[in-house]
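The sequence and the structure come first, and my entries follow.

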Amino acid sequence: MQLTQRVAVGALVVPALLASLGLAAHSAPEGHLVLAVRSSEIVLAGTAVSGEERQEVVDAVRALTALRVTDVITADAGERLPASAAVTAALLGAVLAHDVTEFTGVVHGGRLTASARVADPARAGSLSDALRSAAPGLRVDEDFTTTS
């Protein structure tokens with residue numbers, strides 16, 4: 001291969017291949033997921049790339065609890081959920097295990113922003129640890145209010 005052919009391959013073909021690999025790895029942008037617990041109900045909202053992705057999350061949450069689950073996740077939105085069904089169930093499991101009846105969490109951009117009303121500071125610390133354990137890949141920002 002002559003030098004001019006090598007330059008052409010290096011200048012045109014290699015960047016095109018790298019770009020196509022990048023597109024394949026990031027085929028759908030990341031959306032958001034809202035998790036809300038209000039006494040006897042769990043509300044799920046957000047954007048999912050497909051109905052299958054949405055249904056996996058809803059099924060995982062329904063398998064976790066007998067509470068009513070309201071699903072307002074938009075399917076086929078072109079954005080994938082930022083947390084898998086397993087992580088979503090683990091986060092909600094941590095909330096329910098701590099007897100929290102008012103919780104709102106938003107997962108977006110590698111971060112969980114959580115607010116909750118908890119019984120006392122000890123439970124707030126325990127819930128904080130449980131959320132971090134449930135989703136070790138997420139940065140957790142919290143704002144907990146104690147009722148005592």
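**Two helices side by side**

I began with the contacts between two helices and noted that Val87, Ala90, Leu91, Ala94 and Val95 in H3 meet Leu127, Ala130, Leu131 and Ala134 in H4, where contact means heavy atoms within 4.5 Å. Helices (H or I, at least four residues) and strands (E, at least two) are DSSP runs, numbered from the N terminus.

Before going further I wrote down that this is a predicted model, in which local features need pLDDT of at least 70 and side-chain atom pairs count only at pLDDT 80 or more, while totals for chains, interfaces and linings use all residues. Residues are numbered from 1 along each chain as its sequence is written, and side-chain values use heavy atoms, with hydrogens and water left out.

I then looked up the axes of H3 (residues 85-97) and H4 (residues 121-134), which come within 9 Å and cross at roughly 165°; axes are lines fitted to C-alpha atoms, for helices over the stretch in contact, and angles run from 0 to 180 degrees between N-to-C directions. That makes H3 roughly antiparallel to H4, a term used for angles over 145 degrees.

**The sheet**

In which order do the strands of the open sheet lie? I found six strands in the order E3-E2-E1-E4-E5-E6, with mixed pairing, and two strands count as paired if DSSP finds at least two bridges between them. The edge strands are E3 and E6 (139-146), each of which pairs on one side only.

I followed E1 (residues 33-38) to both of its neighbours: six bridges join E1 to E4 (residues 102-108) in the antiparallel sense, and E1 also pairs antiparallel with E2 over six bridges. In the hairpin of E1 and E2, two residues lie between the strands, and serine 39 takes a positive phi near 40°.

**Strand E2**

Is E2 largely enclosed or open? Six of the seven residues of E2 (residues 41-47) are buried, so this strand is largely enclosed by the rest of the structure; buried means under 20% relative accessible area, with a 1.4 Å probe and protein chains only.

On its other pairing, I recorded that E2 and E3 (residues 68-74) run parallel and are joined by seven bridges, and that glutamate 41 has arginine 68 in E3 as its bridge partner, while leucine 44 stands opposite aspartate 71 in E3.

Notes. Buried means under 20% relative accessible area, exposed over 50%, partly exposed in between (1.4 Å probe, protein chains only). Angles under 35 degrees count as roughly parallel, over 145 as roughly antiparallel, 65 to 115 as roughly perpendicular and the rest as oblique.
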